[in-house]
Amino acid sequence: MKTIEDLQVAGRRVFVRADLNVPLADGTITDDGRIRAVVPTLKKLVEAGARVVVASHLGRPKGAPDPQYSLAPVAGRLGELLGAPVAFATDTVGDSARAAVAGLADGQVALLENLRFNAGETSKDEAERGAFAERLADLADVYVGDGFGAVHRKHASVHDLPARLPHAAGGLIATEVGVLEKLTENVSRPYAVVLGGAKVSDKLGVIEHLLTRADRILIGGGMAYTFLKAQGHEVGDSLLQEDQVPTVRAYLRRADELGVEFVLPVDVVAAKEFPDLRTKAPADPVVVPADAIPAGQQGLDIGPETQARYAARLADAATVFWNGPMGVFEHPDFAAGTRAVAQALADSPAFTVVGGGDSAAAVRLLGFEESAFGHISTGGGASLEYLEGKTLPGLAALED
């Protein structure tokens, strides 16, 4: 896989596929981590005299312009981080995009509007996707893939466009792949994996793959209640994927056969209703045993005993991968479990990887310094699919 150093970029239009899919609240960016992650690549191109055309998706618009998913706020923040204005095109391949690119001088940057405002970006029809990729290719001379959070998508700007231009990986993707290789090849042991989040179905593939690689797997978040149900416990009104119980039960048996330690909650923080994340109003939490959650209560975080147990099981690890919060970390009554796991990783001398998505957002929201962790990924879904052993379209497209 080539890198920027292998390309001649001075005076050339360089299309950078970034992942600027940041959370917005009333048009304000609430977490700019993904923007900051691509800045080193952009600065390198700017300093080399490239004419940089940045493109990304944001949210899930339905193939047509939707103001709530505009990248306009991102253009402003990107300019602040680069220390120079960023021209913003109000479309993807139309008159505004062509004018913005034509107006670039060496070392200047333009940002295109949300790629998903064009149906060709995400189309499953190869001809439609290819036609959009052709129009994007007309805007550039060189392609740099640096949107790790999108490399598991077979989208026009990720998979089809690199085939039409000289291409290379940006610094962010090179770093992400290097980190994931450390989690799959010659792993330092003990190797502990912490998995959370809402749905166990989102993590089945990675669990199956890690059963033959990890030494211990710690489970939290909404997915924990399907595991507890598989052990025969009552879970009250907690989130439950009943159809996944047989699969989870089989994984627990398989882990026992392989000598992989599965660590599940022994207590949970529960409430009668899901908390109001907007007002952060008190939710009257109670701590209950994980094997006897009362009817009418739903588990929303791992309890204090579980927090201590998980911290102990991470203390002697040499490698830790964490993907998914332990509870509803956005509300103060249910953030302690996620904070405890983050603190355990921050205190650990191990090689620690926070696997993107909500986990990355949580460590920043809870006030942790990013430098406290070995690596914070920009792509939760991409990280999981890589660890499942899948071929990621966006990475395959960058191979020579």
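Val179 is found in helix 6, which covers residues 171–182. The model is predicted.

**Val179**

- Val179 has a relative accessible area of 9% and is buried, because the cut-off for buried is under 20%.
- Apart from neighbours within four places in sequence, the residues in contact with Val179 are Phe351, Val353 and His375.
- Pro23 lies 156 residues from Val179 in sequence, and their C-alpha atoms are 25 Å apart in space.

**Helix 6 and helix 13**

- Two packed helices are described by the angle between their axes and the distance between the axes.
- For helix 6 and helix 13 (residues 380–387), the axes come within 11 Å and cross at roughly 40°.
- That angle makes helix 6 oblique to helix 13.
- The crossing of helix 6 past helix 13 is right-handed.
- On the helix 6 side, Val177, Leu180 and Glu181 meet Ser383, Tyr386 and Leu387 of helix 13.
- By residue type, this contact of helix 6 with helix 13 holds four nonpolar residues, one polar and one charged.

- Six strands form an open sheet in the order 5-6-4-1-7-8, and the pairing is parallel.
- The edges are strand 5 (86–88) and strand 8 (167–169); each has a single partner strand, so one side of each is left without a neighbour in the sheet.
- Direction ignored, neighbouring strands of this sheet are turned by 25° against each other on average.
- Within the sheet, strand 1 (residues 13–17) runs parallel to strand 4 (residues 51–55), and five bridges join the two.
- Val14 has Val52 of strand 4 opposite it.
- Helix 2 (residues 72–82) lies across strand 5 and strand 6 (109–111), and its direction is at about 170° to strand 5.

- Strand 13 (residues 267–271) and strand 14 run antiparallel and are joined by four bridges.
- Val268 has Val288 in strand 14 as its bridge partner.

**Helix 10 and helix 11**

- Helix 10 (residues 304–315) also has a crossing with helix 11 (residues 336–347): their axes come within 9 Å and cross at roughly 20°.
- Helix 10 is therefore roughly parallel to helix 11, as angles under 35 degrees count as roughly parallel.
- The handedness of the crossing of helix 10 and helix 11 is right-handed.
- Helix 10 contributes Gln307, Ala311 and Leu314 to the contact, and helix 11 contributes Ala336, Gly337, Ala340, Ala344 and Leu345.
- The residues of the contact of helix 10 with helix 11 are six nonpolar and two polar, with no charged residue.

Definitions and conventions:
Residues numbered from 1 in each chain as written. Predicted model: local features only at pLDDT ≥ 70, side-chain atom pairs only at ≥ 80, totals over all residues. Heavy atoms only, no water. Buried < 20%, exposed > 50% of the residue type's maximum accessible area, 1.4 Å probe, protein only. Contact = heavy atoms within 4.5 Å. Axes fitted to C-alpha atoms, helices over the stretch in contact; angles between N-to-C directions. Parallel < 35°, antiparallel > 145°, perpendicular 65-115°, else oblique. Left-handed = near helix turned anticlockwise from the far one by under 90°. Nonpolar A, V, L, I, M, F, W, Y, C, P; charged D, E, K, R; others polar. Pairing = 2+ DSSP bridges.
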